[in-house]
Amino acid sequence: STLRICSSACDVLFDKCGLPGENLASSYNYTDGRSLCYNAWGGLGGSSSCDYGPDSALCQSGIVNIDVVDGEDCLGADSQ
């Protein structure tokens, strides 16, 4: 399954984390909110969430991918 994440939520995350080396490891590979979400979903190391937590709720949910989308039919974030 694929989880739809609002690009605005990824932008909020990026605003809090900044570029690699500011608040997250400098080895992570992202340049904006969208790429941060895709990298974070993969564990920031390129693996899937099931590789490091096969018994986790996230893995057991069957959601193995994300799609970062514009609009409102997606998982968002409260900016407060």
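**Close-up views of a predicted model**

**Figure 1. Helices H1 and H2 are roughly perpendicular to each other.** In this predicted model, the two helices pack at an angle of about 90°, with their axes 7 Å apart. Because angles of 65 to 115 degrees count as roughly perpendicular, the pair H1 and H2 receives that description. On the side of H1, the residues that take part are Ser 7, Cys 10, Asp 11, Leu 13, Phe 14 and Cys 17, and they meet Gly 33, Arg 34, Leu 36 and Cys 37 in H2.

**Figure 2. The whole chain gives the setting for the close-up views that follow.** Four helices and two strands are found in the chain, and, read from the N terminus on, its elements follow the order β-α-α-α-α-β. Of the 80 residues in the chain, 26% are buried. When contacts between residues at least 6 apart in sequence are considered, 59% of them join residues at least 24 apart. The average pLDDT of the chain is 82, and 85% of the residues score at least 70; confidence is highest in H1, at a mean of 94, and lowest in helix H3, residues 49-52, at a mean of 67.

**Figure 3. Ser 7 is a buried residue of helix H1.** Helix H1 spans residues 7-17, and Ser 7 lies within it. The relative accessible area of Ser 7 is 13%, so the residue counts as buried, since buried means under 20%. The side chain of Ser 7 is joined to that of Asp 70 by a polar contact of 2.5 Å. If its neighbours within four places in sequence are left aside, Ser 7 is in contact with Arg 34, Val 68, Val 69 and Asp 70.

**Figure 4. Phe 14 and Tyr 30 form an edge-to-face pair of aromatic rings.** One aromatic pair is present in the structure. The ring centres of Phe 14 and Tyr 30 are 6.2 Å apart and the planes stand at 85°, which is why the pair is called edge-to-face. The two residues come from distant parts of the chain, 16 residues apart, with Phe 14 in helix H1 and Tyr 30 in the loop between H1 and helix H2 (33-41). Tyr 30 has a relative accessibility of 3% and therefore counts as buried.

**Figure 5. Asn 23 is an exposed residue in the loop between H1 and H2.** With a relative accessibility of 54%, Asn 23 counts as exposed, because exposed means over 50%. Not counting residues up to four places away in sequence, Asn 23 touches Lys 16 and Cys 17. The side chain of Asn 23 has a polar atom 3.3 Å from the backbone oxygen of Lys 16, and this side chain also reaches the backbone oxygen of Cys 17 at 3.1 Å.

**Figure 6. Cys 50 and Ala 77 are both partly exposed.** Cys 50 is found in helix H3, and its relative accessibility is 23%. Its C-alpha atom is separated by 9.7 Å from that of Ile 63, a residue 13 places apart from Cys 50 along the chain. Ala 77 belongs to the segment after strand E2 (65-69), and its relative accessible area is 45%. The C-alpha atoms of Ala 77 and Cys 10 are separated by 8.3 Å, although these two residues are 67 residues apart along the chain.

Definitions and conventions:
Residues numbered from 1 in each chain as written. Heavy atoms only, no water. Buried < 20%, exposed > 50% of the residue type's maximum accessible area, 1.4 Å probe, protein only. Polar contact = N/O pair within 3.5 Å; in protein donor to acceptor, adjacent residues only side chain to side chain. Contact = heavy atoms within 4.5 Å. Phe/Tyr/Trp six-rings, centres within 6.5 Å; stacked < 30°, edge-to-face > 60°. pLDDT = per-residue confidence, 0-100. Axes fitted to C-alpha atoms, helices over the stretch in contact; angles between N-to-C directions. Parallel < 35°, antiparallel > 145°, perpendicular 65-115°, else oblique.
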